[in-house]
Structure formats: C-alpha cells, structure tokens
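Visitor: I would like to go through this protein step by step. Could we begin once it is on the screen?

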Amino acid sequence: MGIKTVAVHSDVDSSAVHVKMADEAVCVGPAPTSKSYLNMDAIMEVIKKTRAQAVHPGYGFLSENKEFARRLELDGITFIGPDTHAIQAMGDKIESKLLAKNAKVNTIPGFDGVVKDADEAVRIAREIGYPVMIKASAGGGGKGMRIAWDDEETREGFRFSSQEAASSFGDDRLLIEKFIDNPRHIEIQVLGDKHGNALWLNERECSIQRRNQKVVEEAPSTFLDPETRRAMGEQAVALAKAVKYSSAGTVEFLVDSKKNFYFLEMNTRLQVEHPVTECITGLDLVQEMIRVAKGYPLRHKQADIPINGWAVECRVYAEDPYKSFGLPSIGKLSQYREPLDVPNVRVDSGIQQGSDISIYYDPMISKLVTYGSNRAEALQRMEEALDNYIIRGVTHNIALLREVIIHPRFVQGDISTKFLPEVYPDGFKGHKLTDLEKRELLATAASLYVAEQQRSQQFLGTPRISIDKSNASSWELFVHLGDATHSAIVSKTGSTFSVEVDGTKLNVTSEWNLASPLLPVTVDGTPRTMQCLSRDAAGNISIQFLGTVYKLRILTQLAAELSKYMPEKVEEDTTSILRSPMPGAVVAVSVKPGDMVKIVHCKAGETVGEGDLLVELE
C-alpha cells in the first residue's frame with residue numbers, strides 16, 4: 001500500500017523476520033513479554049520517537065487491550081482495529097454475553113457476573129448443572145480455562161484459572177457457563193466500517209483443537225447449510241452493529257450436532273486463521289482494516305461476498321505431538337524450507353533458517369494454507385505441502401497434522417472439538433503403516449543405503465580402486481524397523497533399484513541426490529516424497545515418510561551376525577525421579593527435602609529444559 005512501517009521487537013527478536021521486513025525497527029525491552037511486547041510505556045515512546053501515525057497490533061499481546069487503544073486515542077494515533085468501546089464491551093466475556101442477549105444472539109446458559117470465590121463458584125456450578133466451563137473474563141487462546149465435572153474440580157479449576165488469568169492477562173476475574181459436550185467450533189468473520197456498514201465474510205471451521213487451541217482450520221465448513229450460514233452471519237453482524245464495530249473481527253460460535261448455535265465470544269482483532277477466509281473470498285483483510293481505520297467506507301456489499309473453492313490451514317508448531325498432542329520444543333532451525341513449489345500454497349511464517357524457537361513466545365513456526373477448487377483438492381495439496389516442508393533443528397507437529405487431514409472422520413467432515421482425544425484416546429502415536437507402506441519404506445531405506453555405499457566408492461568422479469574385488473551386483477541386507485528384522489535383497493539397473501523385501505519384489509526409482517533433504521522416490525509407480533533426516537556409518541537411518549519419522553537400522557549379513565554380541569543399553573529407571581516434560585519456567589515448588597522427597601533440583605522462577613531433573617524421591 002506504500003505505507004512505511006516500524007517494527008517493535010524484544011532484544012532476543014532483534015533478527016526476527018518482521019524486523020527485517022520493516023523499514024525501521026526499535027527494541028522495546030528484554031525477552032519476557034511483560035517487559036517488551038506488553039510494555040505500553042516503551043511502545044508509546046517508540047511511536048513518539050518514530051512519529052508513527054497508526055498502530056496495527058497483530059494477533060496477540062496488546063491487540064485486545066482497551067487501555068492501549070485508549071492511550072493511542074489520547075495521543076491522536078490511529079489504532080488499526082475497533083474503537084475502545086467495542087474492545088471493552090466484547091473483551092469482557094460477561095458484558096459481551098449481555099450485549100449478545102440484547103442483540104437477539106443465541107447464548108449459552110450460564111452465570112452473567114464475576115465469580116467472587118471458590119465457594120460461590122461451586123454454588124453457581126450446581127445451579128447451572130455439571131459439566132461447567134470456568135474461564136477468564138479477559139481470556140483468549142485457551143488460557144485460564146478449565147472444565148469441571150464436580151465440586152472438587154470446580155474449586156481446583158477456580159484456583160488454577162484465576163492464577164493463569166492473572167499471569168496471562170493481568171486480570172483474574174472468572175465466569176462460569178454450561179459446558180456443551182461434543183460441539184463444533186465455527187466462527188464468522190465480520191468486517192465493519194465507521195459509516196455503519198457491516199458484512200459477514202462466511203465461516204471458518206475450527207473444531208480440530210488441543211487444549212482449546214486450534215490446530216487445523218478450514219473455510220467453508222462441511223457442516224453448515226446456506227440457511228444456518230446466513231442465520232449465523234446475520235447474528236454476527238447484528239452483534240457487530242450493536243457495538244458500532246469498525247474493523248475486522250470474529251464472532252465465535254459453538255454449534256451442536258443439531259445445528260443449534262450459541263455465541264461464545266467475539267475477538268476484536270484479526271485472527272491467526274484469517275488466510276483461509278482471504279482465499280475463498282478474495283479480500284485482503286489487513287488491507288481492509290487499514291482502509292477502515294483511515295475512514296474509508298467498505299468497498300463491498302453482502303451480495304458481493306463469494307465462497308470460491310476451499311481453503312485449509314494447518315498450524316505448524318515446534319511441538320512434540322507425541323506428548324499431550326503437542327508440548328513445546330525449543331531449538332535453532334538448522335534447516336528450513338517452505339513448500340512453495342507446490343501450487344496454491346501460502347505460508348505465513350515469522351521465522352527463517354537460523355531462527356531460534358525460544359521458551360519466551362508461542363512456538364508456532366508457520367501457518368500453512370492450501371487452496372483448491374474443492375475440499376478434496378485442498379486436502380490433497382496439503383498432504384503434498386506437508387511432505388515437502390523441510391524443518392530441522394526442532395521437534396515439529398507435521399506428523400499429527402498429516403494424520404488428521406487423511407483421517408476418514410476428518411475427510412468425511414465428522415468432527416467436533418473432541419476429535420483428537422476421541423481418535424487418539426491413548427495419545428498420538430504417529431502413522432500406522434499398512435503392509436504395503438511398510439514394504440515401500442523398507443525398500444527405499446535399503447536402496448538409500450546401497451546408493452550411499454556406491455557414492456562412497458566414488459573419488460572425484462572416478463571409482464576408487466577397491467581392495468574388495470567383489471564389486472557386488474546384489475546386496476543382501478537386514479533392515480530393522482521397530483521390533484522386527486526384515487531381509488532385503490537389492491540389485492540396481494540405471495537409477496532404479498530392484499528390492500526384494502521378505503520375498504516381495506518392489507522397484508524404487510529416484511535421482512538419488514543424497515545431498516538434498518528431500519527424497520522424491522517412485523515405488524512401483526507410486527510417487528512418494530520422503531525426507532532422510534539422518535544416517536550414519538553404523539547403518540542407522542531416520543526417514544520421514546507420510547509425515548511420521550521412522551528410525552531404521554540397515555546391516556550387512558556380517559554386521560547382523562556380529563550385532564548379536566553387542567551389549568544392550570539399559571533404560572533409565574524413572575520410578576523415583578521426576579523429569580521436566582518440556583522446556584519452561586518453574587512456577588512453584590510445593591515440596592521440600594524431607595517430605596518423602598530426597599532432593600529438589602529446582603526452585604520457583606528457574607528456567608528448565610526438556611528432560612531436566614526436577615525432583616528425586618526417596
């Protein structure tokens with residue numbers, strides 16, 4: 001748009017992508033958010049210093065902070081978002097519910113006031129009827145929310161939610177409402193201007209969640225018919241008009257299996273998942289927000305808003321999906337390449353190769369969006385994009401994302417916010433290989449091993465003079481995967497390896513570029529994109545296949561015979577120790593040496609890494 005930009009950043013983000021993209025960048029403090037990105041005084045100082053005329057607050061931090069918007073207004077700076085009245089009204093879940101009721105918007109039964117203490121919480125919970133949801137009045141992003149099924153859980157939930165709300169939002173007020181079992185989470189994008197116009201830009205289906213945070217989103221939803229969509233859209237606009245809303249905003253609804261929908265909350269900012277709406281409507285929401293803030297009327301009428309095609313977004317996180325569907329992982333991105341050569345792929349990311357993922361901020365790597373003329377096409381592209389996405393140096397959740405989008409229930413559109421715990425009741429375990437897929441993986445690994453052996457015999461383009469005269473035409477190998485050992489007989493013609501795995505023949509063709517992180521192969525005519533993450537001289541090899549990383553070990557006949565004599569590594573006995581499941585800060589230590597506890601290795605306020613020893617029991 002030809003507008004000059006200033007980025008603010010914390011000291012650890014001095015080489016972040018947004019800093020490099022902006023015309024100017026100013027540091028607003030050290031890493032902890034309270035001292036930098038939430039530090040209003042420092043940010044106001046930067047606005048004065050750089051003579052900025054407007055502020056776009058992004059998705060998190062101060063984006064829904066009425067105090068920040070008020071301070072900007074007092075200084076005559078344009079806030080690219082709604083006015084303080086709308087932020088105040090919608091940011092307070094208690095006030096927003098009353099406003100929604102008055103605007104004839106369907107709401108969830110609950111208590112419309114602030115809960116004073118745990119005893120009152122229990123009394124209200126009993127009146128509404130269990131299960132109930134206890135949540136922070138000022139909350140968002142799944143912080144400060146607890147589900148309680150009885151009195152004891154209500155007391156505990158009240159305590160935890162108020163602590164979490166105070167540390168996340170500086171506001172410990174809580175409210176309680178009926179918890180709707182097995183709902184879908186569907187939200188409506190709205191856009192209003194300062195001239196009384198407001199539009200609804202269709203819905204986004206955001207039901208795939210863990211810990212109340214979205215994982216996969218799509219637009220439109222497979223569940224809504226045109227009548228329900230219009231009814232939800234009209235109620236969302238009625239609410240926006242009730243608070244004279246001017247900017248992009250999102251009205252979130254819970255939708256039950258009978259298509260009854262209930263107002264959940266309104267987010268008075270741009271949502272993380274806005275790209276899927278941009279894909280199907282052709283509108284650039286950030287551009288619209290900037291135009292509205294400048295005072296221009298909207299350029300579109302409701303009838304002009306289309307649904308063209310289908311868009312899906314996966315949130316790619318530096319998280320270990322095998323722990324609670326994703327506990328944060330930290331590290332440096334040693335190799336990073338986005339799958340932009342796949343058609344109709346959009347990647348919105350804030351990192352690049354060499355970036356650090358730290359404990360200070362949300363571990364999101366990017367939003368991976370694919371678009372197609374229909375849902376099947378968008379999902380097919382997403383599979384391809386996930387297979388071609390190169391991320392090294394941190395643990396990531398691509399395995400989980402890829403499993404979700406190919407799961408029969410997801411493909412049929414049979415989803416709810418309980419999808420992950422229902423489909424994976426014992427936690428996520430990675431892709432379960434079919435017999436054919438297993439043979440494809442074993443054959444590719446064996447071929448890769450032989451290609452590597454052959455390459456190591458080359459010396460500046462000419463074969464070394466081999467002392468071992470038997471330059472084999474076929475290799476007999478043993479491939480270990482999991483607890484099983486498979487035999488593989490490999491022979492080669494041109495760039496094709498013929499591999500006999502446990503008696504079944506497969507042909508594996510590839511360019512065998514062993515320096516490339518991507519390994520595109522064709523196995524018996526089926527194209528597959530694998531990634532070889534690591535391989536060593538002992539025959540250990542890690543391959544990412546169908547999203548999941550498999551560890552294999554390839555041995556020659558001689559090595560297989562000798563490996564019988566290798567001692568086994570004994571697993572650590574963890575019965576009497578407690579290790580940290582993820583990197584983070586210790587909030588409290590409620591034990592001391594002597595309480596059936598031998599040694600406490602950490603204290604409150606300390607930063608710990610994944611696997612660090614916290615407590616030793618007697």
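Visitor: How many bridges join S34 to strand S36?
Guide: Please note that this is a predicted model. In it, S34 and strand S36, which covers residues 613–617, are joined by three bridges.

Visitor: And do the two run parallel or antiparallel?
Guide: S34 and S36 run antiparallel. One place to look is Val600, which stands opposite Val615 in S36.

Visitor: Which sheet has these strands, and in what order?
Guide: They belong to an open sheet of three strands, ordered S32-S36-S34, with antiparallel pairing. Its edge strands are S32, at residues 577–579, and S34, at residues 597–600, each of which pairs on one side only. From one strand to the next, the twist averages 15°.

Visitor: Let us change topic. Where is Asn182 found?
Guide: Asn182 lies in a loop. The loop runs between strand S7, residues 174–178, and strand S8, residues 184–192.

Visitor: Why does Asn182 count as partly exposed?
Guide: The reason is its relative accessibility of 38%. Partly exposed covers values between the buried limit, under 20%, and the exposed limit, over 50%, so Asn182 falls into that class.

Visitor: Which residues does Asn182 touch, leaving aside those up to four places away in sequence?
Guide: Asn182 touches Ser416, Lys418 and Glu422. With Ser416 there is a polar contact between the two side chains, at 3.3 Å.

Visitor: What separates the C-alpha atoms of Asn182 and His9?
Guide: A distance of 40 Å separates those C-alpha atoms, and along the chain Asn182 and His9 are 173 residues apart.

Conventions: Residues numbered from 1 in each chain as written. Predicted model: local features only at pLDDT ≥ 70, side-chain atom pairs only at ≥ 80, totals over all residues. Heavy atoms only, no water. Helix = DSSP H or I, 4+ residues; strand = E, 2+ residues; numbered from the N terminus. Buried < 20%, exposed > 50% of the residue type's maximum accessible area, 1.4 Å probe, protein only. Contact = heavy atoms within 4.5 Å. Polar contact = N/O pair within 3.5 Å; in protein donor to acceptor, adjacent residues only side chain to side chain. Pairing = 2+ DSSP bridges. Axes fitted to C-alpha atoms, helices over the stretch in contact; angles between N-to-C directions.
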